[in-house]
Amino acid sequence: MSPRSASVNEELRRRSRERLLQAAVELVGERGFEATTLGDIADRAGSARGLVSYYFPGKRQLVQSAVHRLMHRTLEEALEREPRTTDERERMARAVDAILGLAHDRPVLMRQHMAGLLQGEGFVQCPEQRRLAELLGETIARYKSGNDPSDYPMLRALLMGAVYAALVPGVPMPIPVLRTELFERYGLDWELGVPPETGSTPSAAADTDLSRFFATDDRSPDEHPAEPTDA
């Protein structure tokens with residue numbers, strides 16, 4: 001058997017990393033952060049346990065990257081769903097609803113994520129986090145028709161605060177109340193986006209199949225789907 005090409009090895013690495021991200025989101029959502037081990041994640045992903053440290057420094061970094069992937073793909077899906085629109089007010093409303101929808105649909109996962117952000121490492125500067133920042137930054141910049149450098153950090157802070165308020169054990173604030181505050185802040189009409197009273201949420205498919213957010217097709221370009229061996 002001839003050696004795999006560099007491009008094939010790179011594709012296999014990408015798929016292996018994607019499987020780990022998906023497994024992390026699934027398991028932490030099911031069990032919580034503390035009850036999920038790196039071994040559990042590797043087993044769910046069908047990867048060798050030693051590969052986890054090849055892609056991620058530790059469990060917290062892996063989980064944060066995985067949640068940021070879920071967030072940016074949920075946001076992307078909301079912004080581009082049918083009917084497609086270039087109306088910046090509608091897109092801004094969809095962005096707010098997408099993040100609030102995650103707090104509603106995946107409370108265990110998002111609560112763990114918020115707790116992780118308060119640890120010493122703070123934000124993990126990974127491709128997933130950067131893509132989320134780009135999408136939110138583009139949305140607010142287009143909505144406000146300007147490039148005020150404080151606009152994105154303020155939006156991020158307000159969304160994080162709303163998610164935190166929705167998830168505080170024992171005293172959670174209702175999503176519609178938080179949505180009202182955010183919509184009033186940005187001058188958005190209640191009917192934009194996906195209003196809670198319609199019976200659905202922005203992340204409408206709150207199902208357990210997250211595969212659409214992770215490119216985990218096991219078929220190898222050269223029909224050799226084994227894990228990369230030089231990790």
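Arginine 131 and glutamate 134 lie three residues apart in helix α7 (residues 127–144), so about one helical turn separates them. In this predicted model, the side chains of arginine 131 and glutamate 134 meet in a salt bridge, with 3.3 Å from N to O. Arginine 131 is partly exposed, at a relative accessible area of 26%, and glutamate 134 is also partly exposed, at 41%.

The structure holds 20 salt bridges. Another of them joins the side chains of aspartate 40 and arginine 31, at 3.2 Å from N to O. Aspartate 40 has 24% relative accessibility and therefore counts as partly exposed; arginine 31, at 43%, counts as partly exposed too.

Lysine 144 and aspartate 151 form a further salt bridge through their side chains, at 3.3 Å from N to O. Here lysine 144 is partly exposed, with 44% relative accessibility, whereas aspartate 151 is buried, with a relative accessible area of 12%.

Helix α9 spans residues 175–185, and its buried residues are Ile175, Leu178, Arg179, Leu182 and Phe183. These residues lie on the same side of α9 because they cover an arc of only 130° around the axis. They pack against α5 (88–105) and α8 (151–167). On the face of α9 turned away from this buried side are the exposed residues Glu181 and Glu184. Just after α9 comes glycine 187, which takes a positive phi of about 65°.

Methods. Residues are numbered from 1 along each chain as its sequence is written. This is a predicted model: local features need pLDDT of at least 70, side-chain atom pairs count only at pLDDT 80 or more; totals for chains, interfaces and linings use all residues. Side-chain values use heavy atoms; hydrogens and water are left out. Buried means under 20% relative accessible area, exposed over 50%, partly exposed in between (1.4 Å probe, protein chains only). Helices (H or I, at least four residues) and strands (E, at least two) are DSSP runs, numbered from the N terminus. The arc is that of the directions from the helix axis to the C-beta atoms. Contact means heavy atoms within 4.5 Å. A salt bridge is a side-chain nitrogen of Lys or Arg within 4 Å of a carboxyl oxygen of Asp or Glu.
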